[in-house]
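This briefing goes through one predicted model, by topic.

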Amino acid sequence: MNPLHLLRSLRLPAFVLAFLFHLPAVAGPGAHGPDGEHLNAPAGAHATGATPRTETHSELFELVARLGGGELSVMIDRYDSNEPVLGATVDVESDGVRATAQFHADHGDYAFTDPALLAALSRPGDHALVFTVRRGEGAEPQEADLLDAVLHVDAEVAADEHASVLSRVPTAAWIAAAVIALAAALLLARRGRTDKGVRA
């Protein structure tokens, strides 16, 4: 039997059917293209507005941050030589949220994927960012510095990034929600038939 006909035969509420048939197609995270771009979006897809981007530097480091593809991606070089800074510990604080980046050794970038941080940065407006960069291990790193920046996000890009954050919800979570909704609908349908039988 066609799955659509099967679900309709159960006489589920309309909102349940709508939920089940509009679950998002979630791509696996972490795929990178040859230029470091993320391949979660369909081929040929691109942002409808300007990509939020900011640059800053100190005496030690220069930093470029870009918000897109469901992450805040950061590239760091030494300010005096443009030598890439690899394998450092990088934190950021913005809008009361603090997060630590994951270093991508294959492309030399640092990715912030914390949901709370991305949700805060997805709101339109200017977001103050404070980056902490530490090189070296132990309680006293070899080099450490603070870098301040401001990331501007316009309303159109904010809507795209909000959708991107939602798309990163694990597939298992969407499946679990669908199962719960289906179970609740079946329970309501069963109670309805039981009540009719008692009244008869």
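**Confidence and conventions**

The chain has a mean pLDDT of 74, and 57% of its residues reach 70 or more; pLDDT is the predictor's confidence in each residue, from 0 to 100. This is a predicted model, in which local features need pLDDT of at least 70 and side-chain atom pairs count only at pLDDT 80 or more, while totals for chains, interfaces and linings use all residues. Residues are numbered from 1 along each chain as its sequence is written, and side-chain values use heavy atoms, with hydrogens and water left out.

- Over residues 1-10 the pLDDT stays under 50, and the model has 9 contacts for them beyond four places in sequence; a contact means heavy atoms within 4.5 Å.
- Residues 14-34 also have pLDDT below 50, and this stretch has 39 contacts in the model beyond near neighbours in sequence.

**The sheet**

- An open sheet is formed by 5 strands in the order E1-E2-E3-E7-E6, with antiparallel pairing.
- Strands here are DSSP runs (E, at least two residues), as helices are (H or I, at least four), numbered from the N terminus. Two strands pair if DSSP finds at least two bridges between them.
- At the edges are strand E1 (53-57) and strand E6 (102-104), each of which pairs on one side only.
- From one strand to the next, the twist averages 25°. For such angles, axes are lines fitted to C-alpha atoms, for helices over the stretch in contact, and angles run from 0 to 180 degrees between N-to-C directions.
- Strands of a sheet pair through backbone hydrogen bonds, either parallel or antiparallel.

- E1 and E2 run antiparallel and are joined by 5 bridges. The two form a hairpin with 3 residues between them.
- Within this pair, Glu 55 has Val 64 in E2 as its bridge partner.
- Strand E2 (residues 61-68) pairs with strand E3 (residues 71-78) over 8 bridges, in the antiparallel sense.
- Opposite Glu 62 stands Asp 77 in E3.

**Strand E1 and Thr 56**

- Buried means under 20% relative accessible area, exposed means over 50%, and partly exposed lies in between (1.4 Å probe, protein chains only).
- Thr 56, which lies in strand E1, counts as buried because its relative accessible area is 13%.
- Leaving out residues up to four places away in sequence, Thr 56 touches Glu 62, Leu 63, Leu 147, Asp 148 and Ala 149.
- The side chain of Thr 56 reaches the backbone oxygen of Asp 148 at 2.7 Å. The polar contact rule asks for a pair of N or O atoms within 3.5 Å; within protein, one must be able to donate a hydrogen and the other to accept it, and residues adjacent in sequence count only if both atoms are side-chain atoms.
- Thr 56 and Val 150 are 8.8 Å apart in space, C-alpha to C-alpha, and 94 residues apart in sequence.

- Asn 82 is not a glycine but has a positive phi of about 65°. Its place is in the loop between E3 and strand E4 (89-94).
- Asp 95, also a residue other than glycine, has a positive phi near 55°. Asp 95 lies in the loop between E4 and strand E5 (97-100), and is partly exposed because its relative accessible area is 39%.

**Salt bridges**

- A salt bridge is a side-chain nitrogen of Lys or Arg within 4 Å of a carboxyl oxygen of Asp or Glu. By this rule the count is 7 salt bridges.
- Arg 78 forms one with Asp 80, with the closest N and O atoms 3.7 Å apart. Arg 78 is buried at 15% relative accessibility, whereas Asp 80 is exposed at 60%.
- Salt bridges link Arg 78, Asp 80, Arg 135 and Glu 143 in a network.
- Arg 98 forms a salt bridge with Asp 91, with the closest N and O atoms 3.4 Å apart. The side chain of Arg 98 also meets that of Glu 93 in a salt bridge (3.5 Å, N to O).
- Arg 98 counts as partly exposed at 49% relative accessibility. Asp 91 is buried at 6%, and Glu 93 is partly exposed at 37%.
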